[in-house]
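Subject: The structure, and what turned up in it

Hi there,

Here is the structure I promised to pass along. Have a look at it first, and then read on for my notes.

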Amino acid sequence: MRSLILPPLIGEKSVPKLPDGRLLTIIGGSGAGKTKFMERLMQLTGDRTYCLSAIRAPFPEREESKLKGSIDDLYSKAASRRPYMRVNAVSEIEKLVFMLFADEFEQLLKLKGKTHSKSHLFKFPSTKLDKLSSIWEKVFPGNKIVTTGGTLMFSTPAGEDLIPVERLSQGEMVVLYYVAGALYAMQNAVIFIDAPSLFLHPTILNSLWNSIEALRPDCTFVYNSVDVEFVSSRNRNVILWVKSFDASQIQWDYEIIAPGEIREDIFIELMGSRKPVLFIEGDLTHSIDAKLYPLVFPDYTVKPLGSCDKVIETTRSFNGLTNMHHLESHGIVDRDRRTDKEVEYLRRKSIMVPEVAEVENLFLLEEVIRTVAKARGKNHNQVFQKIKKRAFQEFNQRLQAQVLEHVRHRVKREVDAKIDGKFSCITALETHLRQLINILNPRKQYNELSHYFRSIVEKQDYPSLLKVFNHKPLIAECEVPSLLGYKNKDDYVRGVIAILKMGGEEADKIRNAIRSTFLVTSSN
């Protein structure tokens, strides 16, 4: 990290080394000392320090910065050498606007002299105001910056009267301040930004800071923020987590998280949690997982991650950073077509895998169906027997296709493992591939699984059916909703969720039935 020196850790003389990069974000809980940490970094950075704060930018009632190269310092020097420049600016935003206009005027005077001395057309170089206008129109499409009457004015797509700086919205004023402020930072500056997402709408946050970072590739940016969306949006962002501050020794306890070690948004969101963490598949909006698991595992902070691969990798990464947090973490992934050996491996890695093929099958558990039937005033024995009969009919009808899918999954996993090795030449690889058909023996696997699946049907082994049958329409095809008095599958799922939310004996029965498929007892 260019131009950055860190203070020593509590009880340590050595100073941790920052990874290479130009983006650093300081995070930490309330009272941990992250603001004082940033102030200390600014002191250690010396003449390369350049500070931007949207909190103070619009206000005249403030103490002017004494830092060399600050906006206050630049304005004072510019006004002293330019008799035509207005000298009554008080806020940082006013000073930036006056400097922009003075620079534009001075550039035009220089160009006028050059064009008089040359017969050919002169190409106008890009000015600070041009760069500001370009980013402004990118962040606010259809809006423009206009120079008129010796000041800056702003137009909107609605075609209204031109708006002066003081009539801009708070968000627009902050965008103007950050872009113009970055333009005036000294070469190779370390730009410190406190609360970079403050006053800014989330829709423009990423575009704005990407543009500013691209505008000043020579600079290092240090952000002080715990805004999840902002921190996770930064590319190659190094996170520095401030845990505590010893005021008597002026020392901090902190950790450095390099890019790629763990998803920043997850770490920021969970680091203040007192519950163990449960990473799950799906998303908050659409997936059944996110609606069900917080109610089944209320003693966990549940975080949806999308794919099963992300759940597995993040659980591994999070548990690998136990020196940085107090949290126990687990993951949940669907069983799908995994073998018992694969499931056992995942469970050793703190990934919980249910004894059913997929999350939808949890709603087909015998205890869940019987509990809902009783709650709906139905004959639970008759309802369950009808559902069980329909489930076996559907399974038997699709048995060969299910066997084939299971074999395909196993072969794919085994092929990935067996060709992930080193070979001396292409001939060795070809020989190995020709031998794979005999090594994998897919037909043998197919015959064995066919026999096993048929035995499930013969024994009417309902738990084993739910364990191996991957078929998302199964709830509807077993007529579960209509037998229990619901309109459709979604309505039935909402009904089960509603019972869990209400609490009581029925909720406990459903919760314990689902938890037992993860080999988790009700007391855990």
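Phe-199 is partly exposed, at a relative accessible area of 34% (buried means under 20% relative accessible area, exposed over 50%, and partly exposed in between, with a 1.4 Å probe and protein chains only). You will find Phe-199 in the loop between strand E6 (190-194) and helix H6 (202-215); helices (H or I, at least four residues) and strands (E, at least two) are DSSP runs, numbered from the N terminus. Together with Ile-55 and Leu-198, Phe-199 makes a nonpolar surface patch of about 230 Å². Patches are made of residues with over 30% relative accessible area and no salt bridge, where like charges are joined within 9 Å and nonpolar side chains (Val, Leu, Ile, Met, Phe, Trp, Tyr) within 5 Å. Accessible areas come from the Shrake-Rupley method with a 1.4 Å probe, and for residues only the protein chains shown count as cover.

Before going further, please note that this is a predicted model, in which local features need pLDDT of at least 70 and side-chain atom pairs count only at pLDDT 80 or more, while totals for chains, interfaces and linings use all residues. Residues are numbered from 1 along each chain as its sequence is written, and side-chain values use heavy atoms, with hydrogens and water left out.

Now to the sheets. Strand E4 (residues 151-155) is largely enclosed by the rest of the structure, because 4 of its 5 residues are buried. On one side, E4 pairs with strand E3 (residues 144-148) over 5 bridges in the antiparallel sense. Within that pairing, Ile-145 has Phe-154 of E4 as its bridge partner, and Val-146 stands opposite Met-153. E4 is also joined to strand E5 (residues 163-164) by 2 bridges, again antiparallel, and here Met-153 stands opposite Pro-164. Axes are lines fitted to C-alpha atoms, for helices over the stretch in contact, and angles run from 0 to 180 degrees between N-to-C directions; contact means heavy atoms within 4.5 Å.

Another open sheet has 6 strands in the order E2-E6-E7-E1-E8-E9, with mixed pairing. Its edges are strand E2 (49-53) and strand E9 (251-257), each with a single partner strand, so one side of each is left without a neighbour in the sheet. From one strand to the next, the twist averages 25°. Inside this sheet, strand E1 (residues 23-28) and strand E7 (residues 220-224) pair in the parallel sense over 4 bridges, with Leu-24 having Val-222 of E7 as its bridge partner.

- Lys-243 and Glu-255 meet through their side chains at 3.4 Å, N to O. Lys-243 lies in strand E8 (residues 238-246) and Glu-255 in strand E9, so the pair ties together parts 12 residues apart in sequence. Lys-243 is partly exposed at 26%, and Glu-255 is partly exposed at 21%.
- Arg-398 and Glu-477 meet at 3.6 Å, N to O. Arg-398 lies in the loop between helix H13 (380-397) and helix H14 (399-418) and Glu-477 in helix H18 (residues 474-477), so this pair ties together parts 79 residues apart in sequence.
- Glu-405 and Arg-408 form a salt bridge with their closest N and O atoms 3.3 Å apart. These two are 3 residues apart in helix H14, so about one helical turn separates them.
- Arg-335, Asp-340, Arg-347, Glu-355 and Lys-467 are linked in a network of salt bridges.

Ser-329 is found in strand E12 (residues 329-332). Leaving aside neighbours within four places in sequence, Ser-329 is in contact with Val-277, Phe-279, Thr-315, Phe-318, Asn-319 and Ser-350.

Best wishes

Notes:
Salt bridge = Lys/Arg side-chain N within 4 Å of Asp/Glu carboxyl O. Pairing = 2+ DSSP bridges.
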